[in-house]
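Please keep the sequence and the model at hand while reading.

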Amino acid sequence: MKLTSKLILAFLVVSLFSTGIIVLITRVATNREFDRFISDQYKAELVEQIANHYQKNQTWEGLENNFKPFDNDHYKPGNDRPLFFSIADVNGKIVVAGSGYWLEDIVNARELDEGTPIQVEGETVGILLIDSAPEKNPIEDEFIHRLNDSIFFSAAGTVILALILGTILSRTITRPIRELTKVTHEMADGKLGQQVPVRSRDEIGELASSFNKMNNELARSLNLRKQMTADIAHELRTPLSLIIGHAEGVHDGVLQPSHENFEIIREEADRLEKLVNDLRTLSLADAGELSVEFQPVDINELLGDIKTHYMTLFNQKRITLDLVPAPATLRVKANLDPIRFSQVLTNILDNALRYTPEEGQVVMAVSKVENQVEISIQDNGEGVTPEEAAHLFDRFYRADPSRTRDRDAGGSGLGLAIAKSIIEMHQGRIWVESEKGKGMKTIIRLPLARD
């Protein structure tokens, strides 16, 4: 059974059950209150007639001749049937005997309290004792019958209206679910990126929003995977083509087996090996299987070692490499893997070395920001736009498509992607701030090591 049918059935059952209870209670209460109204009205009229008799005759004698039963609630003289009521004096002594009592019987206090006082000129002359009101006449029966019919038809109309409203409401509730189901089937057929309309701000609307976000992320991941596969094929094809081309040229005698040709083959093999190693590192990081050994490391000392290692390369390109350490009074230690973190810094410095012009400058700085240590690497190269900076950590992304990864430019296009994965493994953040023509600043923040 579909959810819509279940909801309609649930609305119908609830409306039938609640309406049935309301009808039952209403009918019982109406009949009871109407009987009480008739009884009170009849007792008031009867007390008035009895009081008039006593006021006129100053005695109870002859009262029974005026109230012998006839036609239910009408009475006439000459009928031997007993009275349906009795009268006691204020002391509880029966002065007019009816059904259930004899003259001069003594009525108990409870029955006397339940009786109706008969007053003449403000004085109580007797207590009316009556077991029950007379049966309703045909007009009264017809009235209560019409009233019960009205209650029944109102209940039936309420159930029908509840069924109509339940149908509309159930279809409204299940509409987003049907739309989600439809898009889910389309996703199963490979049509990613489909969106469902968000029609409310409740839990179903939140589910639709989350579904749309998930669908977009899946489509984006699939596109990135396809693009990455194409990029990997392209990146592998270039060194392989060079290796195969030079090897076949030497084999066929087209190229001389010179040191230069063999050096080209070796360099491309090294480049291919580096690319494969980078891809392996990324795959291990994605799977959470990249081995790391955390230990407290002084950031000033680590960057000092990195600077010493790179000084020769920077001097060869006539680029200044400076380090601005954190003040000695600040404790800037972080729990990290020195080897993996050095890999991050070398990837960033390789990019800075590659794109900073001669006579340029690269500045590494360490500072403390609240409970984090911040490392920044600023160059005065060409820089990129903020839009391009947001994609620099994507795999194989190149801000300038005109740049080719030949032997001189180097780079597999995976360095910053690997850096981001490693930083995230250290519970840190890495991002780039840059403007075109104003250089590039790479910022890393890591939690400080606890004492």
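Just after helix α1, Q58 takes a positive phi of about 60°; helices here are DSSP runs of H or I with at least four residues, strands are runs of E with at least two, and both are numbered from the N terminus. This is a predicted model, in which local features need pLDDT of at least 70 and side-chain atom pairs count only at pLDDT 80 or more, whereas totals for chains, interfaces and linings use all residues. Residues are numbered from 1 along each chain as its sequence is written, and side-chain values use heavy atoms, with hydrogens and water left out.

Helix α1 itself has 55 residues and reaches 80 Å from its first C-alpha to its last, close to the 81 Å expected at 1.5 Å a residue, where the expected span is 1.5 Å times one less than the number of residues. This helix, residues 3-57, lies across β3, β5 and β6 and runs at about 40° to β5; axes are lines fitted to C-alpha atoms, for helices over the stretch in contact (heavy atoms within 4.5 Å), and angles run from 0 to 180 degrees between N-to-C directions.

The strands β3, β5 and β6 belong to an open sheet of four strands, ordered β4-β3-β6-β5 with antiparallel pairing, where two strands pair if DSSP finds at least two bridges between them. Its edge strands, β4 and β5, each pair on one side only, and neighbouring strands are turned by 40° against each other on average, direction ignored. Four bridges join β3 to β6, and A88 has I127 as its bridge partner in β6.

| Strand | Residues |
|---|---|
| β3 | 85-88 |
| β4 | 94-96 |
| β5 | 116-120 |
| β6 | 123-130 |

Helix α10 (residues 415-425) is mostly covered, with eight of its eleven residues buried, that is, under 20% relative accessible area, as against exposed at over 50% and partly exposed in between, with a 1.4 Å probe and protein chains only. Among the buried residues are L416, I418 and I423, and what covers the buried residues of α10 includes α6, α8, β12 and β13. The helix is followed by Q427, whose phi is positive, near 60°.

Leaving aside neighbours within four places in sequence, F341 is in contact with L302, L336, I375, I423, I444 and L446.
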